[in-house]
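Visitor: Please show me the model, and then take me through it in questions and answers.

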Amino acid sequence: MGLFSVDEQNLFVSYDTSSREKLLSDLEESLPYIYNRELISIINSIIYKLKLIDDHTFNTLSLDFTEFFNAKND
């Protein structure tokens, strides 16, 4: 998933990634409650990238990290 950095990917697990629109909405709604500048920067970067890509591109991204976490914990 070369489009998003590791830090950005780590944030995905905290949000609803069922659709690009839902993820965008959730990220934008959370911004007023975030006070950490680094986290704000990461969220803004994700928002920017999500606005650049279309739904088809978003749907081709592998955002299910279940297999990764299961493999790490085995």
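Guide: A definition comes before the questions: a residue is buried under 20% relative accessible area, exposed over 50% and partly exposed in between, with a 1.4 Å probe and protein chains only. This is a predicted model, in which local features need pLDDT of at least 70, side-chain atom pairs count only at pLDDT 80 or more, and totals for chains, interfaces and linings use all residues. Residues are numbered from 1 along each chain as its sequence is written, and side-chain values use heavy atoms, with hydrogens and water left out.

Visitor: What pattern does the protein chain follow along the sequence?

Guide: Helices (H or I, at least four residues) and strands (E, at least two) are DSSP runs, numbered from the N terminus. The protein chain has five helices and zero strands. Read along the sequence, the pattern is α-α-α-α-α.

Visitor: Which kind of aromatic pair do Phe-4 and Phe-12 form?

Guide: Rings of Phe, Tyr and Trp (its six-membered ring) pair if their centres lie within 6.5 Å; planes under 30 degrees apart count as stacked, over 60 as edge-to-face and the rest as tilted. By this rule there is one aromatic pair. Phe-4 and Phe-12 lie 5.0 Å centre to centre with 80° between the planes, so the pair is edge-to-face.

Visitor: Is Glu-8, which forms a salt bridge with Lys-49, buried or exposed?

Guide: A salt bridge needs a side-chain nitrogen of Lys or Arg within 4 Å of a carboxyl oxygen of Asp or Glu; for Glu-8 and Lys-49 the closest N and O atoms are 2.9 Å apart. The two are 41 residues apart, Glu-8 being in helix α1 (residues 6–12) and Lys-49 in helix α3 (residues 37–52). Lys-49 has a relative accessible area of 18% and is buried. Glu-8 has 3%, and therefore counts as buried.

Visitor: Which residue forms a salt bridge with Asp-55 at 2.8 Å?

Guide: Asp-55 is in helix α4 (residues 55–60), and its partner lies in helix α2 (residues 20–30), 35 residues apart. The partner is Arg-20.

Visitor: How many salt bridges does a search of the whole structure find?

Guide: One of them joins the side chains of Glu-28 and Lys-51 at 3.3 Å, N to O. That pair links helix α2 to helix α3 across 23 residues. Glu-28 is partly exposed at 35%, and Lys-51 is exposed at 54%. The search of the whole structure finds five.

Visitor: Which residues does Ile-53 touch, not counting those up to four places away in sequence?

Guide: Ile-53 is in the loop between α3 and α4, and its relative accessible area of 13% makes it buried. Its C-alpha atom is separated by 9.0 Å from that of Arg-20, 33 residues apart along the chain. With contact meaning heavy atoms within 4.5 Å, Ile-53 touches Leu-3, Arg-20, Phe-58 and Leu-61.
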